[in-house]
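The exercises below concern contacts between side chains, and each is followed by a solution in steps. Please look at the sequence and the model before reading on.

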Amino acid sequence: SEVAEYCHLPRSQVSGILSTFGRAGWLDQDPRTRRYSVGLPAYVVGSRFVQSHPLTKHAVPLLRGIVDRSGFNTTLSILDHLKPLYLLGIAGPIPVDLSSAFGSYFPFHATAAGKVLAAFAPLEIREQMLQETALERITARTITNPEQLRNELEQVIRRGYAVTDGEGV
């Protein structure tokens, strides 16, 4: 029902589609909760993307170099239709929980990576993000005022990096 609502399709139609993906192994369904999760074939296709896409192929050695020099985790994030996406990451030997799930979208206004993506996007994209994104309060420190966030993004541009302090999950 959640998928049907999200896609604005009849539940019967979505049920048929999900069943088809399930039979093919692309989705797994928990028999107890009836909730779906990604199946192994979908994981395989996603892994091939990371291994073959020019961006990720070029980024992996750079990310590895950062991890080797810093000892910390590093991630590659991109904008996908105004939404930041954790594309991939490399774990470092110093354990730091980034609370990031690779292959997942995240709020740009409450993360350092999202602020960098917004700040260094073309001005029209940055303004579209500010105008079309609900600046949801995630913690008491999350910036939800568009003008305050606009000022924060200007600081990111001047500094060349972004920071967060308890703004996200």
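The model is predicted, so local features need pLDDT of at least 70 and side-chain atom pairs count only at pLDDT 80 or more, while totals for chains, interfaces and linings use all residues. Residues are numbered from 1 along each chain as its sequence is written, and side-chain values use heavy atoms, with hydrogens and water left out.

**Exercise 1.** Determine which residue forms a salt bridge with glutamate 2, and where the two partners lie.

Step 1. A salt bridge requires a side-chain nitrogen of Lys or Arg within 4 Å of a carboxyl oxygen of Asp or Glu, and a search of the whole structure finds nine of them.

Step 2. Glutamate 2 pairs in this way with arginine 35, their closest N and O atoms being 2.9 Å apart. Because glutamate 2 belongs to helix H1 (residues 2-7) and arginine 35 to the loop between strand E1 (27-29) and strand E2 (36-38), the pair ties together parts that are 33 residues apart in sequence. Helices (H or I, at least four residues) and strands (E, at least two) are DSSP runs, numbered from the N terminus.

Step 3. With a relative accessible area of 52%, glutamate 2 is exposed.

**Exercise 2.** Decide whether arginine 126 is buried or exposed, and identify its salt-bridge partner.

Step 1. The partner is glutamate 154, with the closest N and O atoms 3.4 Å apart. Arginine 126 lies in helix H6 (residues 123-132) and glutamate 154 in helix H7 (residues 146-159), so the pair ties together parts that are 28 residues apart in sequence.

Step 2. Arginine 126 counts as buried at 9% relative accessibility, whereas glutamate 154, at 33%, counts as partly exposed.

**Exercise 3.** Describe the geometry of the aromatic pair formed by tyrosine 86 and phenylalanine 106.

Step 1. Rings of Phe, Tyr and Trp (its six-membered ring) pair if their centres lie within 6.5 Å, and planes under 30 degrees apart count as stacked, over 60 as edge-to-face and the rest as tilted. By this rule there is one aromatic pair.

Step 2. Tyrosine 86 and phenylalanine 106 are stacked, at 4.1 Å centre to centre and 25° between the planes. Tyrosine 86 is in strand E4 (residues 83-90), and phenylalanine 106 is in the loop between E4 and helix H5 (112-119), 20 residues apart.

Step 3. Both tyrosine 86 and phenylalanine 106 are buried.

Notes:
Buried means under 20% relative accessible area, exposed over 50%, partly exposed in between (1.4 Å probe, protein chains only).
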